Amino acid sequence: MRKTLKIIALCVGLAVAVPLAAVVLLSAGAYALYATRDFKQPTFEVDLSALTLAAESDSLRICGDNSLLLDRHGLWEARISGSAAERGAVLGVMAGDLIRYQEDVFVGQIHELIPSERYVGFLHKVVMLFNRRMAYHIPEELRDEIYALSSSCSDRYDDYGTPYVRQLNYHAAHDIGHTMQEYMLVGCSSFAVRGEASADGGLVIGRNFDFYAGDDFARNKLVLFMRPDNGYAFASVAWPGMMGVVSGMNEKGLTVTINAAKGKIPLSAAMPVSLLARMILQYAGNIGEALQIAESHRMFISESLLIGSAVDGEAAIIEKSPERTELFRTAENRLVCTNHFQSAGFADDPYNVRNIAESDSPYRYRRLTELLESEEKLTVEGCARVLRDRFGKGGADIGLGNEKSINQFMAHHSVIFQPERLKMWVSTSPWQSGEFVCYDLHEVFGSEGAAAASFVREEETVAADSLFLARDYDRLMAFREQSAVIRNAVAARERVTDDYIDNFASLNPEYFGTWDLCGDRALSAGDRIRAVQFWRKALSKEIPRLPERAEIEKKIKKYDTKQRTAL
């Protein structure tokens, strides 16, 4: 008996000791890696006192030959020049309040999603561990620029790192976000037409940057016009503090837009895609040079970069994963890019194959092709129509906000380029439904000194989508507001009246998510029969991704009393 007890005690001891030892070893290893983190923070001194604002108001700031102004359309226009340190410092001085607001919103959203400060602290350490060697993949010029910019940042969040470290990590937020969300890729859509498919025969490029981090995050859109001391002058569209590029065009008529793709979850960070796109925009004059730059930098995610080139008179897609870089070209006059790879080099890639089979990307690809073919000779106005389209294939109503739509009513911004003419049109709120305002880079970079007036060419403005704004905007906003109310009620197991649910369902009846949420609410109220009815209705609608359909089917199987009885 004693021998048996000793054996049991030994087994129990091993059962506890082995996992504990493993945890200790893993923790020690993680700490060792964390302790070796190095963000290569520059050591030069940034003297902000030497930078004084000659003009300062709610809508205009001027510092030397640099300027920042808010135009009447609600877009901030910044024009900066000089060395990396000079550019970063002067933009920080002019836009410091906007940059600090952007960080407040970003951090606030994290705390809203993760109420536990302790868990936020843990995630911060995970991100720091993940990004611990990222700076080694970022050129010194960009590190210097971000460091100088960070001198104007808040010290409120120093528990999460120095301002420089935080700003560097924010430039990788897009990359980390779509690697950590297995099925929630950013659903950007872009395209290019030329030759007979274009109204004037020249290149026309359109893109929706479907990145949503809350209404407050998208409040201040920044159109940045930069004249660096090295490389090409360029324009990009993003938000205050973003020195990388997600959508932009340079003075040679080279354009860059990024579209997330699917790949394996990386173990450590390399170069953020927005900074790679920035290097291409600043230093490439044609597609060949853009490819050369892309091949010389390693990324830690998979991404498509649609490159338009006035010099080449065409567009191509650089498809890049951590392991390989491929260039996709077509002899056709239309090039479409959503969120999957198209080159032969990625045809057998298991992540790309799965992405094509399970995601909404191929559906949006086909819808974009339909729309472009229907436009025949694409104009700038026609390009805006395509980017604003909310319907499914064949014009089917698939509900407001469906991720199979080109327009999901979540775009941070939408842009149209005419590279040969050096013109770009930028969307104004809400999403891409407001006016598209025109900028001519000949004018922007052809003028000297600070700009005290907007560069918008008012006579070339594309009108707002008045039909949507009059008919569907209020309905969409009410739907989203009521969706949040119902989700919170389900989570708190609070009662929501049937009348409220009926009104909610009438706001967006063709959207699968409407009925899925109604089913969740019915289940929380104890009505399994009605919950299954709602979920079955959801299955009859257009569902973006296979995992979402599988999740609804799983709920039906679990709670369908008739089906369980039959089994």
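Is E375 buried or exposed, and what is its relative accessible area? In this predicted model, E375 is buried because its relative accessible area is 18%, and buried here means under 20%. The residue is found in helix α10, which covers residues 361-375. Leaving aside neighbours within four places in sequence, E375 is in contact with G382, R385 and V386.

Another helix, α5, spans residues 163-170 and is mostly covered, with six of its eight residues buried. The buried residues of α5 are Y164, V165, R166, Q167, L168 and N169.

A further part of the structure to follow is strand β9, which is made of residues 247-250. From β9, S247 and M249 point one way while G248 and N250 point the other way, and all of them are buried. In a regular strand the side chains alternate between the two faces of the sheet.

| Strand pair | Sense | Bridges | A bridge partner pair |
|---|---|---|---|
| β8 and β9 | antiparallel | three | A235 and M249 |
| β9 and β10 | antiparallel | three | S247 and T257 |

Taken strand by strand, β8 (residues 234-238) is joined to β9 by three bridges, and M249 in β9 is the bridge partner of A235. On β10 (residues 254-260), which also pairs with β9, the bridge partner of S247 is T257. The hairpin of β9 and β10 has three residues between the strands, and in this hairpin G253 takes a positive phi near 80 degrees.

Conventions
Residues numbered from 1 in each chain as written. Predicted model: local features only at pLDDT ≥ 70, side-chain atom pairs only at ≥ 80, totals over all residues. Heavy atoms only, no water. Helix = DSSP H or I, 4+ residues; strand = E, 2+ residues; numbered from the N terminus. Buried < 20%, exposed > 50% of the residue type's maximum accessible area, 1.4 Å probe, protein only. Contact = heavy atoms within 4.5 Å. Pairing = 2+ DSSP bridges.
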